[in-house]
Amino acid sequence: MPASRHGVRVLGTPDLEAFLRLANRDPVVNVFALYRARTTSLEPRWLGGEMWGRFDDGELVAACHVGANLVPIEATPDDARAFAERALTRSRTATTIVGPHEAVRTFWNGVAGSWGRPRETRWMQPHLVIDGPPAVEPDPFVRRTERADMALLYPACVAMYTEEVGVSPEAGGTGDLYRARVTQLMSRGWSFARFEGGRLVFKAEVACATADAAQIQGVWVPPERRGEGLAVAGMAAVVKMVQADIAPVVSLYVNEWNQPARRAYARVGFRESARFSTVMF
């Protein structure tokens, strides 16, 4: 597909190496995009969407994952404006815009007048990383989940998602898809939990990973057990296991207003490396 007047075109498998070079400028911040590229080879039918690239004198200078998640990659404000102009030529498919704050803000400013009112916006979310051992003792009872754990794990995943996103993952009859995603993460060894007295009391998952970095999602402790340090020791255990078996750098991003979570991650040894923003529809 030819580039638009703004130098933007859909990337494909022949662009994979150029894309990997671009995204590897920051392999931790761009772990989602790198994971998607490596698992799909940028083939749109496998992506479930498109990867757009912006070119300058034939060189790929920025990209944008356009699917259920719209994610700018190594995009300057000028790049983000170009992606927004292209986005306005088609209907919105994304349910979430997420990524580095400045690129997301600029993109959103470009499409806000046409894409409708978002359900929620979350600006300036701290992006956190840890690349050494955890600063506290890991919880020895946190382990990878197994299929026998599904009866306790799945309701906890639904509760976490509903609390975090504000809508149930089962809304609109999508429960089977969500259960399949939970099962997939478990099968990969990317799902971790602590069980106590027949109940789940802590959980977290790896959302995506490369050989360089892994991104954590879904950290959750039941409301009645919060404040006991379960998240601190639990995350220390997750970091230790992920670093041993998946990737040396562990990352996540957290809502700016969630001070208890930010304190817990700081105790584990996470430090801020960037700011993300999220727009949800």
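Reader: Which residues does Pro-27 touch, not counting residues up to four places away in sequence?

Author: This is a predicted model, in which local features need pLDDT of at least 70 and side-chain atom pairs count only at pLDDT 80 or more, while totals for chains, interfaces and linings use all residues. Residues are numbered from 1 along each chain as its sequence is written, and side-chain values use heavy atoms, with hydrogens and water left out. Pro-27 lies in the loop between helix 1 (16–23) and helix 2 (31–40), where helices (H or I, at least four residues) and strands (E, at least two) are DSSP runs numbered from the N terminus. With contact meaning heavy atoms within 4.5 Å, Pro-27 touches Leu-34, Asp-212 and Ala-213.

Reader: Is Pro-27 buried, partly exposed or exposed?

Author: Buried means under 20% relative accessible area and exposed over 50%, with partly exposed in between (1.4 Å probe, protein chains only). The relative accessibility of Pro-27 is 21%, so the residue counts as partly exposed.

Reader: How many Å apart in space are Pro-27 and Gly-197, C-alpha to C-alpha?

Author: In sequence, 170 residues separate Pro-27 and Gly-197. In space, their C-alpha to C-alpha distance is 40 Å.

Reader: What radius of gyration does the protein chain have?

Author: The radius is taken over C-alpha atoms, and the globule rule is 2.2 Å times the number of residues to the power 0.38. The C-alpha trace spans about 60 × 40 × 35 Å along its principal axes. For 281 residues, a compact globule would have a radius of gyration near 19 Å, and the chain agrees with this at 19 Å.

Reader: What percentage of contacts with a separation of 6 or more comes from residues 24 or more positions apart?

Author: The protein chain contains nine helices and twelve strands, and 52% of its 281 residues count as buried. Of the contacts with a separation of 6 or more, the share from residues 24 or more positions apart is 69%.

Reader: Which elements are included in what covers the buried residues of helix 4?

Author: The buried residues of helix 4 are Asp-79, Ala-80, Ala-82, Phe-83, Ala-84, Arg-86 and Ala-87. Their cover includes strand 1 (8–10), strand 2, strand 3 (59–66) and helix 5 (101–115).

Reader: Why does the pair of Asp-79 and Arg-54 tie together parts that are apart in sequence?

Author: A salt bridge is a side-chain nitrogen of Lys or Arg within 4 Å of a carboxyl oxygen of Asp or Glu, and the structure holds 20 of them. In one of these, the side chains of Asp-79 and Arg-54 meet at 2.9 Å, N to O. Asp-79 lies in helix 4 (residues 77–87) and Arg-54 in strand 2 (residues 50–56), so the pair joins parts separated in sequence by 25 residues.

Reader: Which residue forms a salt bridge with Glu-164?

Author: The closest N and O atoms of this pair are 2.7 Å apart. Glu-164 lies in helix 6 (residues 150–165) and its partner in strand 6 (residues 120–130), so the pair ties together parts that are 42 residues apart in sequence.

Reader: Which residues do salt bridges that share partners join into one network?

Author: Arg-225 forms a salt bridge with Glu-228, with the closest N and O atoms 2.9 Å apart. Arg-225 counts as buried at 18% relative accessibility, while Glu-228 counts as partly exposed at 46%. Through shared partners, salt bridges join into one network Asp-139, Arg-194, Glu-196, Arg-225 and Glu-228.

Reader: Where is Glu-74 placed?

Author: Phi of Glu-74 is near 55°, a positive value in a residue other than glycine. Glu-74 is partly exposed, with a relative accessible area of 26%. Its place is in the loop between strand 4 (69–73) and helix 4.

Reader: Which residues does Thr-96 touch, not counting residues up to four places away in sequence?

Author: Thr-96 is placed in strand 5 (residues 96–100) and is buried, with a relative accessible area of 15%. Beyond the residues up to four places away in sequence, Thr-96 touches Ala-68, Asn-69, Leu-70, Thr-278, Val-279, Met-280 and Phe-281.
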